[in-house]
Amino acid sequence: MLTTLIIIFLPFAASLLILFLSPWLQKIELGKKLGWVTALVPLICLSSILSFIHQINIEGALTFHIPWVETYGIELSFLIDGLSILFGILISGIGLLVVIYSIWYLSDKEDKVKFYLYLLMFMGAMLGVVFSNNLFGMFTFWELTSISSFLLIGFWHNKETSRYGAMKALVITGVGGIAMLAGFILLYSITGTFDVSKILTMGDVIRSSSLYMPALFLIFLGCATKSAQFPFHIWLPNAMEAPTPVSAYLHSATMVKAGIFLTARLSPAFSGTAFWVCLVGGIGMTTMLIGGLMAIRQTDLKALLAYSTISQLGMIMAMLGFGTQYSSEAAVVHIMNHAAFKAALFMIVGIIDHGCGTRDLTYVGNLKKEMPHSFKVAFVACLSMAGLPIFGGFISKEMFYESTLHIPFVGIPYLIPLIAVFASLFTFAYSFKFLIWGFFTDAPEHPPHHPHEAPVLGLLSPVVLATVVILLGLVPGLFSHSILEPAATAITGQPATLHLALWHGVNAPLIMSFFTVVLGVLLFKRLKQVNAVQNRISAVLPWLSPNFVYNKGFLEGIPPLTQRFLRRIQSGNLKHYLFVIMSFWMLSTLWVSLSKGWVLNLDTLLKTEMTLAQGLTCVLLMGAAIATSLFENRISAILSLGMTGFLVAFFYVLMGAPDLALTQFLVEAVSVILILLVFHFVPTYFDEKPSQSTKMADITLSAVVGVVMTFYMLMVMDSHLTESIAHYYLEASEKLAGGRNVVNVVIVDFRGFDTMFEIAVFSIAILGIYAMLRLKKKAKPVQEGAPSK
Amino acid sequence: MTSLIFQTITRLVSPILMIFSLYLLFRGHQLPGGGFIAGLMTSAGLVLIYLAYGCERFDWRNRSRFFYYLFSGGLALSFLTGLAGLFVGGFFLKSGVAHVHMPLINEEWEFASAAIFDLGVYFVVCGVCVSLMTLLGEER
């Protein structure tokens, strides 16, 4: 249990520590020290996660609970099984390599304190998502990843494009997050629990529920936005504005894998229906195809990798969508492969960018000689991405092909395998574009400065990752039993056994691979012509891209609408606000009472007795109220209003309620004085003469309020919708709370929460008044200079 | 407003108001009274002084800081009472009663944690009302 808490909260604690030490850290000469210290955090997390592997393989999934709001089943609880271990290893392992890489990458000019602060926060949030066992906990961490990735993507916040990219990522993943929350609530209403491990065992209940489709759709919307699935993929290429270590981290192993993770996590509960296969598998295949199609067009290496990530994520999503035992195993293998080779490639792009001053293929080329070590890493990673033998990518590509051959619920034979091969052609082409254009052929233009290789520190992480890529291909058994099998088991719910090997004999997948390579080479040879056609299409038909919808529809369309709406409801006129509030109140009250068919029983009204004193008070009260509305002078109006209050208090005395009477007297006394003090600010007389129509509207509303409230008061006296709880309070007051003044006990004890928030509102109100009166004065000189609106 | 009659009456009445408000505060749990009423009554006393002697005499402007601390402190006190309930009693705002035998006067006294909460309410009400008064009454 302690280990779990360390895994999740150590990154947060470390980032908090950096935050509080930042005034001190900003002052001293940091150099590379902070990076090395930070690297300890993912190292500790990684070793803690690895220590769980043995236990999980023997005992199965573990859960820990720390209750919080027990009544509603909201608790901090963690689930440790194969799937969370796999993602935990990716997050902390690649996190470690990224931190080491960033030590080289970040120059001394950069704000390292902020960088490591955000990075650790993000790492903690990701670990929280994958280890959460409670839907609310998971959602909280999920939103935290959105926020921290916003900070990371916008790290160079003085660049316009960074801010645009960060905003786009936040908006799209944020909208998805809200949809996901709605989905979680539907899921709760199906299962009656927030506990993920319990939900996973209730697959049959969920699938047969009428809410199945909306719940799945909403949750998948969250996953699709996060994992950059079509048509929400548009945020990912813009997120490339982030520093390269961030891109390597966010887009290989973490942020974009969160959606994959959640789809995998919930697949025991949701998969196995035609809707699941169509939605998840269909979106996945579409994304794979479109991502690949876009990737071959890019000349910016980072953009190429961004679109290739979209394509690869689509492929993983599709494998999860097929929902068979074999496809889930294939997905797990590819998650691992993709994280390794994609992180390596991003880091290589960072090195190229650093060494040449640009990463655009128009300027960069033939780097084989100048960057021999980077070339070796890129060679391994690109061939693995293209799915060529002896590397990990080949194994998972073969498994992908195999799983497309056996998809349930798809009527047309050969359709999906053909699309898979077709999409893989693009994968092959962009992998080779990266490798051949970047390292072999000469570029049309010269780079800003002569290329040079990165030092050992910069190469360390990519080389480690390339080694992993090779190991995944040559000795997959190293990972399959301890890490991949438990993860696949967690996805399908059935014990998985993986037989990973490069050679399976001549079978259908091998033939598909053969065609991919042959056709891929042909496509690669014609790449320049294909790109020219693509550029023409996008120039002629700009609205084909979902970016068009985001830029024109969202960024330019929504703000004017909200502004107009806001100006309408926030007019700044107090009377207008009161009018709106009162009208809404009356409409809702009338609607409820009419729909329930409540009627007033006049008999009880006629039987009600009234003493002479009470009657007199009532008459005076009415007189004072009418006088208030007639006075032209404000001070008279206020005093008359105060009189109504005192008369009400007197009425309480007559009815025998000393507590209420006392309170009312004091409130009235203090508030009359305070209102009089306010009148420094406003003219003594009501100058503005309202128009006839405003007067009519005001009078109508007042009359409606008066009549409805009278009606309700009389009805409350008459009817008892529920049993009165007065007796309970009278009895329990002394026994439970040790007080004989029931009114006071109710205030401070039984309804203590109300009082708590009331005094909080009080305090907030005074802060608001303080701000209005004191701060406005200070701001005045500025306002006078500004043009009046 | 400098009226001798008003000032004299204020000298007489405001101490009584203050003491009576404290009386209401402490008996609140058993008899009519309580933090809200007591807070209002204390503020009424202070408002009287303010009105009778004006803003300068007691340097309200500089002293108003005290009342900001008062209401923030009161809010914190109430919240901490709630937290204490969480840690001691198991849930937020759980109240408790202790009967303590006082040695010298040989009586059984009752201490309710709700009374501390009520004290917080008293501070908030009093602090807010007086701060509001000084803010609104400032010369402009």
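**Stop 1: chain B.** Select chain B in this predicted model. Its secondary structure amounts to four helices and two strands. Trace chain B from the N terminus and the order reads α-α-α-β-β-α. Now turn to its extent. The C-alpha trace of chain B spans about 55 × 35 × 25 Å along its principal axes. Colour chain B by burial next: of its 140 residues, 41% are buried. Then look at the contacts in chain B with a separation of 6 or more. Residues 24 or more positions apart account for 68% of them.

**Stop 2: where chain B meets chain A.** Show both chains and select the residues in contact. Chain B contributes 39 residues and chain A contributes 35 residues. On the side of chain B that touches chain A, these elements each give two or more residues: helix H2 (35-57), helix H3 (60-89), strand E2 (107-112) and helix H4 (113-137). Highlight H4(B), the source of the largest share of that side, with 13 residues.

**Stop 3: a helix pair in chain A.** Select helix H16 (residues 372-386) and helix H18 (residues 415-439) of chain A. Their axes come within 8 Å and cross at roughly 165°. Angles over 145 degrees count as roughly antiparallel, so H16(A) is roughly antiparallel to H18(A). The crossing of the two helices is left-handed. Show side chains at the contact. From H16(A), pick Phe375(A), Ala378(A), Phe379(A), Cys382(A), Met385(A) and Ala386(A). Facing them from H18(A) are contact residues including Thr427(A), Phe428(A), Ser431(A), Phe432(A) and Leu435(A). By class, the contact of H16(A) with H18(A) has eleven nonpolar residues, three polar and no charged ones.

**Stop 4: the largest nonpolar core.** This core has 200 residues. Select those with the most contacts inside it: Leu152(A), Val332(A), Ala340(A), Ala343(A), Ala344(A), Ala381(A) and Val469(A). Next, select helix H15 (residues 325-356) of chain A, which gives the most to this core, with 19 residues. Centre the view on Ala344(A). Leaving out residues up to four places away in sequence, Ala344(A) touches Val377(A), Ala381(A), Pro462(A), Leu465(A), Ala466(A) and Val469(A).

Definitions and conventions
Residues are numbered from 1 along each chain as its sequence is written. Chains are lettered from A and ligands numbered from 1 in the order in which they are written. This is a predicted model: local features need pLDDT of at least 70, side-chain atom pairs count only at pLDDT 80 or more; totals for chains, interfaces and linings use all residues. Two residues are in contact if their C-beta atoms, placed from the backbone, lie within 7 Å. A residue is buried if 20 or more other C-beta atoms lie within 10 Å of its own, exposed if 12 or fewer, and partly exposed in between; C-beta atoms are placed from the backbone. Axes are lines fitted to C-alpha atoms, for helices over the stretch in contact, and angles run from 0 to 180 degrees between N-to-C directions. Angles under 35 degrees count as roughly parallel, over 145 as roughly antiparallel, 65 to 115 as roughly perpendicular and the rest as oblique. A crossing is left-handed if the near helix is turned anticlockwise from the far one by less than a right angle, and right-handed if clockwise. Ala, Val, Leu, Ile, Met, Phe, Trp, Tyr, Cys and Pro count as nonpolar, Asp, Glu, Lys and Arg as charged, and the others, Gly among them, as polar. A nonpolar core is a set of buried Ala, Val, Leu, Ile, Met, Phe, Trp, Tyr and Cys residues joined through C-beta atoms within 7 Å.
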